[in-house]
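Hi there,

Here is the structure I promised to pass on. Have a look at it first, and then read on for what turned up in it.

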Amino acid sequence: MMKRLGIKPGSMVLDVGSGTGVLLPLLLNKTEQSGRIIALDIAEEMIRKAKDKCLGEKIYFIHASVNSIPLRDEIFDAVTIVSTLDHIEDPTPVLKEAKRVLKRGGRIFIQNSIREEGINPWHLHTWTKEELIELVNEVFTVVDTKVIENPKMGDNIFIKGTKK
């Protein structure tokens, strides 16, 4: 997954909807000591759990809405949004905010569940592969996609895009 995003040592990375910080150790490994990671989540409890996992690491935590990221324009080399979009009423403003804070030529990486039929009761949205690619492509240029099939847990799509 990290190879697909192309995160390099020294990168500035924003993890939108960071939750319990599942992705943070992988990001730390890629950015190394010279990089910086910002983990953003609306839920204070999630941030607390993520901090416990990454105690003493070079990660900055922000308690804020993904609809209004309280950071300057064009400061990140990469933005990750993992298992977050299906928990948001309208994901378009989130994607636009991610674009705003991403540098020119910056990359976005989205991982989300997809379902061809039926709705997961824990999610506000359920998309097909085509619908999610179209949603992301409205804001970014989609450059790579990969579907991981999992009959037990449901399929996931990985989308890599660049800032238009």
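The buried residues of helix 5 (129–137) pack against helix 4, strand 5, strand 6 and strand 7. Those residues are Leu 132, Leu 135 and Val 136. Seen down the axis of helix 5, they fall within an arc of 95°, so they line one face of the helix. The arc is taken over the directions from the helix axis to the C-beta atoms. "Buried" is used for under 20% relative accessible area, "exposed" for over 50%, and "partly exposed" for what falls in between (1.4 Å probe, protein chains only). Helices (H or I, at least four residues) and strands (E, at least two) are DSSP runs, numbered from the N terminus. Packing and touching both rest on contact, that is, heavy atoms within 4.5 Å.

Before going further, please keep in mind that this is a predicted model: local features need pLDDT of at least 70, side-chain atom pairs count only at pLDDT 80 or more, and totals for chains, interfaces and linings use all residues. Residues are numbered from 1 along each chain as its sequence is written, and side-chain values use heavy atoms, with hydrogens and water left out.

On to helix 4, which spans residues 91–101. Its buried residues are Pro 91, Thr 92, Val 94, Leu 95, Glu 97, Ala 98 and Val 101. They pack against strand 1 (12–16), strand 4 (76–82), strand 5 (102–114), helix 5 and strand 6 (140–148).

Which residues have the most contacts inside the largest nonpolar core? They are Leu 14, Phe 76, Val 79, Ile 81, Leu 85 and Leu 95, in a core of 31 residues. Strand 1, strand 2 (36–41), strand 4, helix 4, strand 5, helix 5 and strand 7 each supply at least two residues of this core. A second, separate core has 15 residues, including Leu 24, Ala 39, Ala 50 and Ala 78. A nonpolar core here is a set of buried Ala, Val, Leu, Ile, Met, Phe, Trp, Tyr and Cys residues joined through side-chain atoms within 4.5 Å. Leaving aside residues up to four places away in sequence, Leu 14 touches Ile 38, Leu 40, Ile 69, Leu 71, Phe 76, Ala 78, Val 79, Thr 80 and Val 101.

Now for the charged pairs. The structure holds five salt bridges, each a side-chain nitrogen of Lys or Arg within 4 Å of a carboxyl oxygen of Asp or Glu. One of them joins Arg 100 to Asp 73, with the closest N and O atoms 2.6 Å apart. Arg 100 lies in helix 4 and Asp 73 in the loop between strand 3 and strand 4, so this pair ties together parts that are 27 residues apart in sequence. Arg 100 is partly exposed at 23%, and Asp 73 is partly exposed at 47%. Glu 97 also forms a salt bridge with Arg 100, at 2.9 Å between the closest N and O atoms. Because these two are three residues apart in helix 4, about one helical turn separates them.

Glu 74 pairs with Lys 163, the closest N and O atoms being 3.1 Å apart. This pair links distant parts of the chain, 89 residues apart: Glu 74 is in the loop between strand 3 and strand 4, and Lys 163 is in strand 7 (residues 155–163). Lys 163 is buried at 14%, whereas Glu 74 is partly exposed at 34%.

Glu 74 is also worth a look for its backbone, with a positive phi near 50° in a residue other than glycine. Ser 83, in the loop between strand 4 and helix 4, has a positive phi of about 50° and is not a glycine either. Most residues other than glycine have a negative phi. Ser 83 is partly exposed, at 40% relative accessibility.

Lastly, Gly 106 lies in strand 5 and is buried, with a relative accessible area of 4%. Not counting residues up to four places away in sequence, Gly 106 touches Asp 77, Gly 161, Thr 162 and Lys 163.
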